[in-house]
Amino acid sequence: SAREDPVDDLWRLLAAPEADVAYQALASLEQRPAEAVKLLQGKLGAIATADDKTIAVHLRNLGSEQYAARHRAFVELAKSGPGAAHHIAAAAKSAPNLETKRRLELLLESFHRPIDNPDDIRAFRSIVLLDRIHTPEARKLLQTVAAGAPAAWLTIEAKSALQRPTP
């Protein structure tokens with residue numbers, strides 16, 4: 001049977017719940033920067049910004065007289081995730097009533113949860129890896145990720161990595 005590519009195996013291990021296993025994989029990838037960046041180019045990208053018009057409709061419906069419309073708008077805004085956070089934050093500042101303001105704040109809090117699922121943990125560790133590799137190709141990929149939805153945590157992490165001084 002064909003042996004799995006060791007770089008692909010290291011990608012899988014970056015999501016390991018055991019930090020020591022994940023960081024051994026990270027260190028191994030750091031030793032092969034060209035392969036690591038090539039791998040990550042196929043795995044990482046910018047977080048898409050939510051569609052402005054769709055978000056505007058949901059924000060308007062959040063203040064609807066009808067409970068079903070308010071609930072549906074809340075669910076759709078939650079699905080939009082951090083890609084809509086900047087719109088939701090702006091709407092919370094000028095919410096027409098306390099219930100709407102509370103719903104908007106609840107959505108924002110849900111976007112700022114701890115990183116706890118394996119794919120998010122792997123994405124975070126990938127940003128750390130790119131920051132440590134620090135080749136022009138790694139920086140270019142960080143710039144791609146940093147161009148994503150402004151309030152998405154991955155976008156913020158990539159921007160932070162780009163702002164750190166060169167090692």
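The following questions and answers set computed values against the definitions behind them.

This is a predicted model, in which local features need pLDDT of at least 70, side-chain atom pairs count only at pLDDT 80 or more, and totals for chains, interfaces and linings use all residues. Residues are numbered from 1 along each chain as its sequence is written, and side-chain values use heavy atoms, with hydrogens and water left out.

Q: Why is the contact between Arg 70 and Glu 99 called a salt bridge?
A: A salt bridge requires a side-chain nitrogen of Lys or Arg within 4 Å of a carboxyl oxygen of Asp or Glu; the N to O distance for Arg 70 and Glu 99 is 3.3 Å, so the pair qualifies.

Q: What makes Arg 70 buried rather than partly exposed?
A: Buried means under 20% relative accessible area, exposed over 50%, and partly exposed in between (1.4 Å probe, protein chains only); Arg 70 has 14% and is therefore buried, whereas Glu 99, with 38%, is partly exposed.

Q: What does the pair Arg 70 and Glu 99 tie together?
A: Arg 70 lies in helix 5 and Glu 99 in helix 7, so the pair links parts that are 29 residues apart in sequence; helices here are DSSP runs (H or I, at least four residues), numbered from the N terminus.

Q: Which residues do salt bridges that share partners join into one network?
A: Glu 99 also meets Arg 103 in a salt bridge, at 3.1 Å from N to O, and through shared partners Arg 70, Glu 99 and Arg 103 form one network.

Definitions and conventions:
Helices (H or I, at least four residues) and strands (E, at least two) are DSSP runs, numbered from the N terminus.
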